[in-house]
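Please examine the structure shown here before reading on.

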Amino acid sequence: MKVLLTGGAGFIGSALCRYIIQATQDSVVVLDKLTYAGNLKSLAPVAASDRYHFVQADICNAPAVQQVLNEFQPDVVMHLAAESHVDRSIDGPAAFIQTNIVGTYTLLDACRAYWLQLDTEKKQAFRFHHISTDEVYGDLHGTYDLFTETTPYEPSSPYSASKASSDHLVRAWHRTFGLPVLVTNCSNNYGPYHFPEKLIPLMILNALAGKPLPVYGKGEQIRDWLYVEDHARALYTVVTQGAVGQTYNIGGHNEKKNIDVVRSICALLEELVPEKPAGVKQYSDLISYVTDRPGHDFRYAIDASKIERELGWTPEESFDTGLRKTVQWYLQNKGWWQAVLNGSYQLERLGQGMTNK
Ligand code: NAD
């Protein structure tokens with residue numbers, strides 16, 4: 001199988017690319033604009049494979065997208081390219097509207113034209129898999145409620161509203177034009193190669209540097225955490241076995257309050273890095289409560305029973321095992337995150353990865 005993977009230099013996209021190259025015989029073409037969130041170093045473990053190719057392009061650029069489709073002739077498209085950080089969507093929504101909505105439209109249109117001219121067999125096998133978020137459902141206030149595939153959309157932030165728009169476009173291209181689509185909505189991911197603006201890597205790296213650990217409000221918000229490698233396996237399961245037109249929710253059954261996540265990271269660091277920065281008695285002393293994010297959703301929790309029942313996928317990591325692996329990865333891969341923190345990952349990439357390899 002030939003996979004066209006948009007956003008493959010990002011956190012989840014790179015995990016998916018590493019999974020496909022390392023665990024299957026399939027080929028991958030990563031199409032990525034390399035925004036601040038794209039990092040070719042996250043693809044270094046597969047860079048030598050002749051089944052991996054990289055193209056730097058913007059999904060909003062229709063001719064560039066068409067060229068990649070025509071040259072590589074993918075069997076499936078897995079669409080992960082997006083602006084993904086809620087705080088950035090509050091500071092500057094324009095890029096979210098452009099990439100998440102206009103970009104998804106541009107990609108859908110190009111894929112439809114490509115799909116229409118395929119021969120019957122390839123046309124039947126083709127899939128457009130759109131990767132989305134549980135944030136499109138808004139938030140939950142009851143303790144036992146869960147998001148299912150039929151929960152009405154009620155997005156709260158510019159980010160989640162733009163993702164909700166893109167989900168609607170994808171379903172419209174299926175209903176109106178017959179494009180064979182699949183949609184997945186997943187909960188908060190965590191794991192290796194996560195950009196340090198997101199909660200878990202931010203807390204690990206701030207704690208190691210003896211900096212404050214900023215927690216929104218009282219840290220009472222609840223998220224359902226999914227280890228990124230479990231997610232990559234789920235995505236591959238859906239694209240190869242999912243039923244056309246269906247939506248699958250993906251979650252890790254790991255509901256945690258933000259403050260408990262931060263406390264767990266502190267406890268792991270106490271065990272793994274007992275020698276603390278000067279002046280720090282306990283990592284948890286660094287916790288500092290900051291003004292809550294506007295429109296902050298209270299609780300997300302996924303009912304993942306459909307993908308488990310119909311496709312046989314279940315997460316392998318519990319939050320405890322996944323968080324330990326994640327902290328250990330950041331301790332063992334300082335070069336990766338130091339290059340992100342000092343910005344050199346962006347300079348280095350200008351000299352490489354511009355070609356189709
Ligand atoms: P990310 O921000 O780490 O990566 C996004 C990637 O998309 C980057 O490599 C970036 O360079 C690329 N990109 C951005 N704009 C582009 C454009 N116009 N053209 C081409 N490439 C572009 O994101 P992520 O966390 O890996 O998320 C991937 C997908 O999964 C997103 O669609 C996101 O909405 C969804 N999602 C993420 C989470 C999570 O917890 N991270 C949870 C649910 C859903």
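The crossing of helices H9 and H11 is right-handed, a term used when the near helix is turned clockwise from the far one by less than a right angle, whereas anticlockwise is left-handed. The model is a predicted one, in which local features need pLDDT of at least 70 and side-chain atom pairs count only at pLDDT 80 or more, while totals for chains, interfaces and linings use all residues. Residues are numbered from 1 along each chain as its sequence is written, and side-chain values use heavy atoms, without hydrogens and water.

Two packed helices are described by the angle between their axes and the distance between the axes. Helices (H or I, at least four residues) and strands (E, at least two) are DSSP runs numbered from the N terminus. The table gives these values for two helix pairs.

| Helix pair | Axes come within | Crossing angle |
|---|---|---|
| H9 (residues 258–272) and H11 (residues 319–332) | 10 Å | roughly 55° |
| H7 (residues 199–209) and H11 | 11 Å | roughly 50° |

With its angle, H7 is oblique to H11; angles under 35 degrees count as roughly parallel, over 145 as roughly antiparallel, 65 to 115 as roughly perpendicular and the rest as oblique. H7 also passes H11 in a right-handed crossing. In this pair the contact (heavy atoms within 4.5 Å) involves Ile-200, Pro-201, Ile-204, Leu-205 and Leu-208 of H7, together with Phe-319, Leu-323, Thr-326, Val-327, Tyr-330 and Leu-331 of H11. These residues comprise ten nonpolar, one polar and no charged. Here Ala, Val, Leu, Ile, Met, Phe, Trp, Tyr, Cys and Pro count as nonpolar, Asp, Glu, Lys and Arg as charged, and the others, Gly among them, as polar.

Two individual residues may now be considered. Ser-132 belongs to strand E5 (residues 127–133). With a relative accessible area of 4%, Ser-132 is buried, that is, under 20%, where exposed means over 50% and partly exposed lies in between (1.4 Å probe, protein chains only). Apart from neighbours within four places in sequence, Ser-132 is in contact with Lys-163, Asp-167, Thr-184, Asn-185 and Cys-186.

Ala-301 lies in the loop between strand E13 (287–290) and helix H10 (305–311). This residue is also buried, with a relative accessible area of 1%. The C-alpha atoms of Ala-301 and Asp-139 are separated by 8.7 Å, although the two are 162 residues apart along the chain.

Note on methods. Axes fitted to C-alpha atoms, helices over the stretch in contact; angles between N-to-C directions.
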